[in-house]
Amino acid sequence: MGKEEVIDSYEGNYNIAADLPVREDFTWKTIESHFSWSDTGKVNMVYESVDRHVADGYGEKIALHYFGEAEEYTLTYRELKEKSDLWATVLKNKGVKKGDFVFVFLEKHPDCHIAMLAAIKLGAIVGPLFEAFMEDAVKERIADCEGTYLIASPELIKRVPREELPSLQTVWITGEPEQCNGDEISLYAEARATQAEEGITEWVDLNHGLNIHYTSGSTGRPKGIIHAHRAMIQQYITGRWVLDLKDDDVYWCTAHPGWVTGTVYGVFAPLLNRATIVIHGGRFDADEWYSVLEKAGVTVWYSAPTAYRMLMAKGDEKLTNYDLSKIRHILSVGEPLNPEVIRWGIKTLSRRIHDTWWMTETGAQLIVNLPTERIVPGSMGKPFPGVEAVILDEAGKELLPGKVGHLALKANWPAIMREVWKDPAKYETYFPFEGWYVSGDLATMDENGYIFFQGRSDDMINSSGERIGPFEVESKLMEHPAVAEVGVIGKPDAVRGEIVKAFIVLKSGYETSEALLQELRQFVRKGLAAHASPKEIEFMEELPKTPISGKILRRELKAKELEKVGV
Ligand code: PRX
């Protein structure tokens, strides 16, 4: 291996340094003493995230600071407790109880946080849905859980095909009665007419279901990954040591709670650490983002490489129009963080960008760059204390430094998924070698334990940090009358990491045309979600297939594409 570039840590009062004795004696068990349940035995994520801070005298501290298009407001921890108590009472009055699924289909907005907290207070399993999901994506997820309860905004309810979801009994709208149709219930009106029930929190055991996130793999439909309340142990301590959250921090995680990052590090970890969370509605816009960072006085910022690359592409002059001097800690997740981006962060913001690696299934960060340690640009960092990572060959044998293999982790961390919903066989596939979770990522490790991402071992696509299953996109395209055969791959892209590319064989009688291209793109965009829509489509006479089973060879399509772009 050649000589690695390293970037030393900056001076600072980092939590992990202050907690040195805990770190040295680290076991997950040592972290448990932080939680009130270690004394009382009463477990609930929301109690530890919100109610306990009020009980501890921090009720007037700002929990949420919302920056919307038309309004800006804050909620204190006390207000968040009261609102989540009230909404929990509203849900309970309609029958929501321990173990039920409650889907939440809301924009990035405090209502989304309150709805999630209210459901979890009751011991329900919350299913936050990404705001850009269209009908098929919404239907598939709710139907898979035979979901009975949904909280949606007046805008997003339009994308819920109620007639195709017979299980759905109760739908609350975050709006007024005049914004409701049919049997939909105005959550706002109900809340006004309801008195919050004292002591509404349901106590659960640590292994009780907390949330469900659907995630894509290379084959089959998206799978529901269920996490348990025990995840809070790791979510709290990674929030403390990796995000370095302190009492006076203003923290912005740019992900929507429909993705695991938005739930774990946008809701739970910062609240468990009593930070102030910034919520900003809408998608990416460079000026808006800089202006939110400045206006909110963000101190800790967690985003994704694509967003940093898009900011970088807008030029450094834009950035100099804003006072971003409060930012003291920056982190990244979801896709490979290029060394250029780290150098850009240092040049323009005088801050290192700390990469973190984890997955929906892992429930919290596992490989990280701690603020006190050196960064090796191009590496995802090192295992978090208590986490053991190895690189394995096909037979499960540990590989030497520098050799590419399967990134695997000793399956003993508290946030690991509890189950794959209705698919125990799929759950087993993550553990092909006794005791090891095999991630599906290929990586190398250097002599110092730094881990370098090398790609996926399967066909999963990662575009802008969003995980897309080729099978889902292929299935959608196959529904179009013009499509005879289709293969979908991720094509390397300088900004988005990968883009979705579809290779299509048309049915006879259909001609290739720009109009058809547009139509096919729209078909996926409208049915599934914008991020899954193929940015590129290539029409072909035939697709490469396996000789006997006739399965489409995505790998061959990808290899051709890589050759074209010279990778
Ligand atoms: O391939 C890895 C990539 O994202 C996958 C997990 O996606 P998802 O479940 O949607 O979770 C995303 C955020 C928690 C991984 O298998 N990935 C995640 N973080 C990184 C990454 N690839 C490279 N570098 C990272 N830091």
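Start by selecting helix H11 (260-272), strand S14 (353-357) and strand S21 (451-456): each supplies at least two residues of the shell around the ligand. Keep in mind that this is a predicted model.

Next, show the whole shell. The ligand is surrounded by 18 residues, and the closest are Asp355, Thr356, Thr360, Asp441 and Arg467. Sorted by class, the shell holds eight nonpolar, five polar and five charged residues.

- Thr360: a polar side-chain atom lies 2.5 Å from an oxygen atom of the ligand.
- Arg467: the corresponding distance from a polar side-chain atom to a ligand oxygen is 2.6 Å.
- Arg456: an N or O atom of the side chain is 3.1 Å from an oxygen atom of the ligand.

Taken alone, the ligand exposes 550 Å², and the protein buries 97% of that.

Then go back to S21 and select its sheet. Four strands form an open sheet in the order S17-S18-S20-S21, with antiparallel pairing. The edge strands are S17 (389-392) and S21, each of which pairs on one side only. Neighbouring strands of this sheet are turned by 50° against each other on average, direction ignored.

Finally, zoom in on S20 (residues 436-445) and S21, which run antiparallel and are joined by five bridges. Which residue stands opposite glycine 455 in S21? Select leucine 442: that is the residue facing glycine 455.

Methods:
Residues numbered from 1 in each chain as written. Predicted model: local features only at pLDDT ≥ 70, side-chain atom pairs only at ≥ 80, totals over all residues. Heavy atoms only, no water. Near = heavy atom within 4 Å. Polar contact = N/O pair within 3.5 Å; in protein donor to acceptor, adjacent residues only side chain to side chain. Areas by Shrake-Rupley, 256 points an atom, 1.4 Å probe, with all protein chains shown as cover. Nonpolar A, V, L, I, M, F, W, Y, C, P; charged D, E, K, R; others polar. Pairing = 2+ DSSP bridges. Axes fitted to C-alpha atoms, helices over the stretch in contact; angles between N-to-C directions.
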